[in-house]
Amino acid sequence: MGIFDIYLLEALINGVLLGGVLALLSLGLNLIFGVIDVVWICYAELIMLGMYGMYFLYSVYHLPLVAAGVVCIAGVAVLGVLLHVVVISPLLGAAPINQLLATGGVLFFLQSAATVMFGVEFKNLGMRLPVLKLSGMFISYSRLLAFGFALVGMVLVYLFLTRTYTGTAIRAISQDRQIMVLMGVDSRRIYLITSALGGGLAGLAACLLVLQYDIHPFVGLSFGPITFLICVLGSLGNFAGGFVAAFVFAEIIALGGLYSDLEWGYVLAFAFFIVMMFIRPQGLMARRS
Amino acid sequence: MTGVLPWLAGAALVGLPFVYTSPYPLHILVIILIWSFAYTSWSVMGRFGLTSLGHGGFMGVGAYVTALAWNKAGLSPWLGIPLALVAAAVLAAVVAYPCFRFKITGHYFALVTLALSGIVLQVITATRDHTGGSLGYTPERYQGGSSLYALQFTSKTTWYLIALGVWAVGLWIWYRVDRSMLRYALEAIAEDEDAAAATGVHVTAEKLKITVLSAVMTALAGALYCQYQLFISPDTVSGISVSLQMVFAAVVGGIYVAYGPTVGAVITIVLAEVLRISFGTRAVGWDNLVYGILLVIFIVFLPKGILGSLLDLRRPRRPTALPST
């Protein structure tokens, strides 16, 4: 029984650590949706490019890890702005589904661009962070680090959104798109800042994920869908809802994986999602209308 | 479509494999026909603003149920395929009913169905002891090659005729839906659900009908693909990329015209083959690269697709407004 409890506790802790990263992923997507009212289906592919960026900066050009991280975050932020200017802004007035499909096209494009440029071989940073042993439990430092940075990133975004003028304008626009423009907020500028912020969060996620996972052009598919589900479960555009949903999902995956294969953890999480959609169709925390 | 032209074209398509027997082009034609049918199945509901990203899941169910029934239970595909279609219909109803009942539309519907294709992919991968997981799965060959009982044929001509027949049935269903009351109901729903409900349209029931129809057709495409290729893997018949591939080809061809998805399939498959032949293994990724760019350009500039826009140029038709979901 004692051994069992240790495993259970380890799975719980790993679930919390995974939850932190998932919460960070969903935050970026929620921010974009809440403010611009667009779903970036290719969000995970931006992260994939960020991971390649980290690989080249750190392993090929031998930049220090932190510097590589900063460059990577800035780079993906620029990609986010580019995505908005090139694809989203011509479609702002179009049907939402068309916007969704257009970013689906970007997903194809980024995946295959990565295949063409970098090949399909798995790559990794080639560094293994030590594993923390705590009274019989094994917890990897890379996960702890990812969790810590994800929390710091989320707190910074929270402070930015609540304590600065621009942040207030972003939140205001997410509440009422029409009125805020009449109040003199330049919505184009806000959209650009939000896209950069969303891209930057994807960049941060890339820096953290690259510590734990191998990089290949289709890596986005392994955590992209789960991010969308988290956002929907927590109500699209609702930051707090996404945060809670991320931890619920992560625990289901971690505990499901404890009793069986990791895939069954995912199957359980997906099934939970569909059942929750029946019970609370507007998400865990329905958005104020 | 009036006059003798469609009949002539139909006769030419049926006669083609007897005149022209080169196996490789026939193989490409069979593949094009099967995928055209799958894309048509998607557009049957996609044209009403019901953007499903779950069709990869239905296709996977169609392919895997048929193959598993044959290998594990020794069930002939003649029974296995109906079983697969029923399974896809049940799956579609179970997921879609609450969606429509609770008014999950637009983004939400697309993402819930995305979860569905994710689940099917993960279940296939997780049950790798039975399905072979991501390595793929092969229905057992019937002794002696061709057999009507096992629905396995070595002759490409046979497969061409089967695929042609199924494709034609797909188009016929498309036309039937186009001429039905269901179409008017669904167009009204796409414009404004509440207003449609107020005028007496049973929103949930109508949407459910078209979704189950579309899912069953897609599952048939999956089963057909499985029987033709005799090899299926989660990446080729299920999952999110297959779903997106369907949406993409249908949108490029044009989802508001009957032959649009077919045109989409021809363009995408021919493009992939041309790139593959001219560049060999170096072409890996280039086809999707071109698709991705095309998809974005099409949605921005030609939301009605290639064929839809061409038909518009030829003669001004009644306006087919984009559904504003």
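Chain B has a radius of gyration of 20 Å, which agrees with the value near 20 Å for a compact globule of 325 residues. The radius is taken over C-alpha atoms, and the globule rule is 2.2 Å times the number of residues to the power 0.38. This is a predicted model: local features need pLDDT of at least 70, side-chain atom pairs count only at pLDDT 80 or more, and totals for chains, interfaces and linings use all residues. Residues are numbered from 1 along each chain as its sequence is written, while chains are lettered from A and ligands numbered from 1 in the order in which they are written.

**Chain B overall**
- Along the principal axes, the C-alpha atoms of chain B fill a box of roughly 60 × 45 × 40 Å.
- Chain B holds 15 helices and zero strands. Helices (H or I, at least four residues) and strands (E, at least two) are DSSP runs, numbered from the N terminus.
- Of the 325 residues in chain B, 50% are buried. Buried means 20 or more other C-beta atoms within 10 Å of the residue's own, exposed means 12 or fewer, and partly exposed lies in between, with C-beta atoms placed from the backbone.
- Among contacts in chain B with a separation of 6 or more, 77% join residues 24 or more positions apart. A contact needs C-beta atoms, placed from the backbone, within 7 Å.

**Where the chains meet**
- Chain B gives 42 residues to the contact and chain A gives 40.
- On the chain B side, helix 4 (77-101), helix 5 (106-126), helix 12 (240-253) and helix 14 (286-301) each supply at least two residues.
- Helix 5 of chain B makes the largest share of that side, with 14 residues.
- By class, the side of chain B that touches chain A has 30 nonpolar, 12 polar and no charged residues. Ala, Val, Leu, Ile, Met, Phe, Trp, Tyr, Cys and Pro count as nonpolar, Asp, Glu, Lys and Arg as charged, and the others, Gly among them, as polar.

**Two helices**
- Helix 10 of chain B (residues 203-229) has 27 residues and should span 39 Å at 1.5 Å a residue; its end C-alpha atoms are 39 Å apart, which agrees. The expected span is 1.5 Å times one less than the number of residues.
- In helix 10 of chain B, 19 of the 27 residues are buried, so the helix is largely enclosed by the rest of the structure.
- Helix 6 of chain A (residues 165-175) buries A:Ala169, A:Ile170, A:Ile173 and A:Ser174. Seen down the axis, these buried residues fall within an arc of 135°, so they line one face of the helix. The arc is that of the directions from the helix axis to the C-beta atoms.
- A:Tyr165 and A:Gln175 are exposed on the other side of helix 6 of chain A.

**Positive phi**
- Most residues other than glycine have a negative phi.
- A:His62, not a glycine, has a positive phi of about 55°. A:His62 sits in the loop between helix 2 (43-60) and helix 3 (65-88) of chain A. A:His62 counts as exposed because it has 8 C-beta neighbours inside 10 Å.
- B:Leu151 has a positive phi of about 50°. B:Leu151 is in the loop between helix 6 (128-131) and helix 7 (156-178) of chain B. With 22 other C-beta atoms within 10 Å, B:Leu151 is buried.
- B:Leu230 follows helix 10 of chain B and has a positive phi near 55°.

**Confidence**
- The model scores ipTM 0.75 and pTM 0.83.
- Chain B averages a pLDDT of 85. pLDDT is the predictor's confidence in each residue, from 0 to 100.

Methods: Two residues are in contact if their C-beta atoms, placed from the backbone, lie within 7 Å.
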